[in-house]
Structure formats: C-alpha cells, structure tokens
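User: I am new to reading protein models, and I would like to learn how to read one feature at a time. Could you take me through the one shown here?

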Amino acid sequence: MYAMRRWSARHSNTLKAIYHQIENALVKLYPRLEKIGLEKIEKPLMFIEKPAKSFFFDSQSCGQCTLGSTGMSCPMNCPKTIRNGPCGGVRANGKCEVKPEMDCVWVVAWEGTQNLKPEERAIQIVQPMLDWRLKGKSAWLRSAEQRIRNL
C-alpha cells in the first residue's frame, strides 16, 4: 500500500482532476439522488468509492475526505490520526516516528501538493475536526452536498 500511496502523490494532479470530475457528476445528479433518498444511495456509492479510494490512497473512509487539500495523500493513515500536519516527530529521512518503515503521511502530502497548481495547494488550510459519526460514509456524497449548498 505504501508504494501506491507514493504513486498517487506523484500523480496528484491527474488524480485530483479525476476526483473533481466525479464530484461534478454527483453535483449534476444530486437532485435525482435526493429524490431517491441520500441514505439509499450511500451504500451503493460506497461499493464503488471505498475500494477505489482504498486502492489509490489507502483511504480510511472517514467520510470527510481532504485528499484534494493534501496532495491526494490520506492524512488518516497517520498512526496518530493527525489531520492538520505533521506531529513534529517526523524523522530526518521523512519517515514516521511511530512506524519507522513508513513515509510520514504529511511529507507525502507536501510532495503531492507540489504537483498541483498553486491555487489548488490548500495544504496549509486547517481542516475541521473529524466527525467520527461519518466514518464509513461516502465522502463523495458529502462533497457534492457541500458544493450544492455553496451554489
């Protein structure tokens, strides 16, 4: 999985574009999804979202994805589940202090953001606290819902 995480960060620009297209499609479909019932859509959507994000990003399915802000590196892979930046225990070689064989999630995130356009580099924006009630829920659906609200 570590190798795929690194690959995804190296290709963050392309993966972010694909991710954005998925969100756009869900935004367009959102009125229909609401009519069907979002709670009914969640499980079939997670059937696609979970394995795809798990494969590419080793996603932990927190339901509040920050991949677009973190260079397509899932911060929930941090053994300390630190969501807003490195803990200060990053080793000199960029490895995690808790799991020395693992690259620090935040070092990978920083590298991934370097492949994005400057206006897309949102890694320095403090993320809200994690709402653990959303774990296992569709982050894609949440993102589409937020974009609809902000229109």
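Predicted model: local features only at pLDDT ≥ 70, side-chain atom pairs only at ≥ 80, totals over all residues.

User: Where does Lys 53 lie, and does it count as buried or exposed?

Analyst: Lys 53 is part of helix H3, and because its relative accessibility is 4%, it counts as buried. The cut-off needed here is that buried means under 20% relative accessible area.

User: How should I describe two helices that pack against each other, and what are the values for H3 and H5?

Analyst: Two packed helices are described by the angle between their axes and by the distance between those axes. In this model, H3 and H5 pack with their axes 8 Å apart, at an angle of about 120°, and H3 and H5 are therefore oblique to each other.

User: Which residues make the contact between H3 and H5?

Analyst: From H3 come Leu 38, Glu 42, Leu 45, Ile 48, Glu 49 and Lys 53, while H5 brings Ala 139, Trp 140, Leu 141, Arg 142 and Glu 145. Sorted by class, the contact of H3 with H5 has 6 nonpolar and 5 charged residues, with no polar ones.

User: How do the axes of H1 and H3 cross?

Analyst: The axes of helix H1 (residues 2-10) and H3 come within 6 Å and cross at roughly 90°, which makes H1 roughly perpendicular to H3. On the H1 side, Met 4, Arg 5, Trp 7 and Ser 8 meet Phe 55, Phe 56 and Phe 57 in H3. The residues of the contact of H1 with H3 divide into 5 nonpolar, 1 polar and 1 charged.

User: Several of those residues have rings, so how do I read aromatic pairs, and how many does the structure hold?

Analyst: The structure holds 4 aromatic pairs. To read a pair, look at the distance between the ring centres and at the angle between the planes, where over 60 degrees counts as edge-to-face. The rings of Phe 55 and Phe 56 have their centres 5.0 Å apart and their planes at 80°, so this pair is edge-to-face. Trp 7, Phe 55, Phe 56 and Phe 57 form one aromatic cluster.

User: What is the relative accessibility of Phe 55 and of Phe 56?

Analyst: Phe 55 has 46% relative accessibility and counts as partly exposed, and Phe 56, at 28%, also counts as partly exposed.

User: What is the general idea behind a nonpolar core, and which residues touch the most other members of the largest one here?

Analyst: In soluble globular proteins, nonpolar side chains tend to be buried together. The largest nonpolar core here has 19 residues, of which Leu 26, Leu 33, Leu 45, Leu 67 and Met 72 touch the most other members. Helix H2 (12-36), H3 and helix H5 (139-149) are the elements that give two or more residues to this core, and the largest share, 6 residues, comes from H2. Apart from this core lies another, of 8 residues, among them Val 105, Trp 106, Ala 109 and Ile 123.

User: What does Leu 45 contact, leaving aside its neighbours within four places in sequence?

Analyst: With those neighbours set aside, Leu 45 is in contact with Leu 26, Ser 138, Trp 140 and Leu 141.

Terms used:
Residues numbered from 1 in each chain as written. Heavy atoms only, no water. Phe/Tyr/Trp six-rings, centres within 6.5 Å; stacked < 30°, edge-to-face > 60°. Buried < 20%, exposed > 50% of the residue type's maximum accessible area, 1.4 Å probe, protein only. Core = buried A, V, L, I, M, F, W, Y, C linked by side-chain atoms within 4.5 Å. Helix = DSSP H or I, 4+ residues; strand = E, 2+ residues; numbered from the N terminus. Contact = heavy atoms within 4.5 Å. Axes fitted to C-alpha atoms, helices over the stretch in contact; angles between N-to-C directions. Parallel < 35°, antiparallel > 145°, perpendicular 65-115°, else oblique. Nonpolar A, V, L, I, M, F, W, Y, C, P; charged D, E, K, R; others polar.
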